[in-house]
Amino acid sequence: MIYAKIVGTGSYLPGDPVTNDDLARRGIDTSDEWIVTRTGIRARHFAEPGCKSSELALIAARRAIEAAGCVADDIDLIIVATSTPDFIFPSTATLVQAGLGIRNGCAAFDVQAVCSGFVYALATAEKFIRSGSHRRVLVIGAEVFSNILDWADRSTCVLFGDGAGAVVLEASNEPGVRATALHADGSYHSVLWVPGSVAGGEVTGDPFVRMDGQVVFKFAVRVLDEVAREVIDLAGVPQDSIDWLVPHQANIRIVQSSAKRLALPMEKVVTTLDFHGNTSAASIPIALDCAVSDGRIRHGQRAVIVGIGGGFAWGAALIDF
């Protein structure tokens, strides 16, 4: 049987940390205590003006490829999860391909599932490898969310940051991604969205992130628990065999509630949102890279990743390392 195994991780956060106090000094009506108490976020990173998602993705990709012990031309598929692409088209994935200097004609495309985008992209990549059609896939989550934040709306602008994370998936006889599950419910589309578009050369509607935090919280806590249990069941492994939960890094209260429902102590939960905030599709691969790099996630261990984003779209994967 062919499995898709993670053989390399990488991540990148642009610029210096911007603390909660820094935001307050910029004139945002907030405080460190207000943000930390409600979200667990202490700092985030913002890209320089004009910096695009592909630039962050490229750095994370190079680090993941190096960690995998391969070269860029070994990649035969690139999937980028992003809600903040460089352009309407071409895809950000093709720009990463060009930046890596890959000229082997490998396929490259974007996936848009907002904060669950990396889970969607990983599940897609796993299917390509399991089919036998592809051997080595670069999966990236990259965002410049600072471009779509309303700095007068403290309920959203303090939550998000910019960054990128990447993994290299490789065909293997050894178990890797054991199970994935993806879901969506479009009836909730206006709970978390950017209700704007470009038409006729003009921006129509509202070009900023808008969110009903209470609805997001209640929905996220329920479905993240359900989808985590779903992939555990699909993989046919006992729940107590899970070494790590790697959730989308949005809000510490959602993370804590998810862990409690799964009867996992916080010592088994990878949390990184305190220093980078919600980086949307980049948050799970950034957290994965941090945990792999610092030795928390080791070979022979098992993790469940879970994410939810606007749409609503949500999903999970159970992964053996």
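Which residues are linked in a network of salt bridges? Asp150, Asp153, Asp206 and Arg210 are. The views below come from a predicted model.

**View 1. The whole chain.** The protein chain holds ten helices and 15 strands. Its radius of gyration is 18 Å, close to the 20 Å that the globule rule gives for 321 residues, so the chain is as compact as a globular protein of that length. Along the principal axes, the C-alpha trace spans about 55 × 45 × 35 Å. Buried residues account for 57% of the 321 residues. Take the contacts between residues at least 6 apart in sequence: 76% of them join residues at least 24 apart. The chain exposes about 13100 Å², and carbon and sulfur atoms supply 51% of that area.

**View 2. Arginine 210 meets aspartate 153.** Side chains of opposite charge can pair when their charged atoms come close. Here the side chains of arginine 210 and aspartate 153 form a salt bridge, 3.4 Å from N to O. Arginine 210 sits in strand β12 (residues 210-211), and aspartate 153 sits in the loop between β6 (136-144) and α6 (154-157), so the pair ties together parts that are 57 residues apart in sequence. Arginine 210 is partly exposed, at 23% relative accessible area. Aspartate 153 is buried, at 17%. Both belong to the network that also includes Asp150 and Asp206.

**View 3. Arginine 261 meets aspartate 225.** This salt bridge has an N to O distance of 4.0 Å. Arginine 261 lies in helix α8 and aspartate 225 in helix α7 (residues 213-235), so the pair ties together parts that are 36 residues apart in sequence. Arginine 261 counts as partly exposed, at 43% relative accessibility. Aspartate 225 counts as buried, at 9%.

**View 4. Arginine 296 meets aspartate 294.** The closest N and O atoms of this salt bridge are 2.8 Å apart. Arginine 296 is partly exposed, at 25% relative accessibility. Aspartate 294 is also partly exposed, with a relative accessible area of 46%. The count for the model comes to 14 salt bridges.

**View 5. The buried side of helix α2.** Helix α2 covers residues 32-39, and its buried residues are Ile35, Val36 and Thr39. They cover an arc of only 100° around the axis, which puts them on the same side of α2. What do the buried residues of α2 pack against? Their partners are α1 (20-25), β3 (43-45), α8 (252-261) and α9 (273-276). Just after α2, glycine 40 takes a positive phi of about 85°.

**View 6. Histidine 276 in helix α9.** Histidine 276 is found in helix α9. Its relative accessible area is 0%, so histidine 276 is buried. Beyond residues up to four places away in sequence, histidine 276 touches Leu13, Ala43, Arg44, Gly161, Gln249, Ser283 and Ile286.

**View 7. Proline 247 in strand β13.** Strand β13 runs over residues 244-247 and holds proline 247. Proline 247 counts as buried because its relative accessibility is 2%. Leaving out residues up to four places away in sequence, proline 247 touches Val255, Val269, Val270, Ile284 and Val306. Serine 11 is 236 residues from proline 247 in sequence, yet their C-alpha atoms are 16 Å apart in space.

**View 8. A nonpolar surface patch.** Ile88, Phe89, Val198 and Val203 make a nonpolar surface patch of about 500 Å². Phenylalanine 89 lies in the loop between β4 (77-81) and α4 (92-100). Is phenylalanine 89 buried or exposed? Phenylalanine 89 is exposed, with a relative accessible area of 69%.

Key. Residues are numbered from 1 along each chain as its sequence is written. This is a predicted model: local features need pLDDT of at least 70, side-chain atom pairs count only at pLDDT 80 or more; totals for chains, interfaces and linings use all residues. Side-chain values use heavy atoms; hydrogens and water are left out. Helices (H or I, at least four residues) and strands (E, at least two) are DSSP runs, numbered from the N terminus. Buried means under 20% relative accessible area, exposed over 50%, partly exposed in between (1.4 Å probe, protein chains only). Contact means heavy atoms within 4.5 Å. Patches are made of residues with over 30% relative accessible area and no salt bridge: like charges are joined within 9 Å, nonpolar side chains (Val, Leu, Ile, Met, Phe, Trp, Tyr) within 5 Å. Accessible areas come from the Shrake-Rupley method with a 1.4 Å probe; for residues, only the protein chains shown count as cover. The arc is that of the directions from the helix axis to the C-beta atoms. The radius of gyration is taken over C-alpha atoms; the globule rule is 2.2 Å times the number of residues to the power 0.38.
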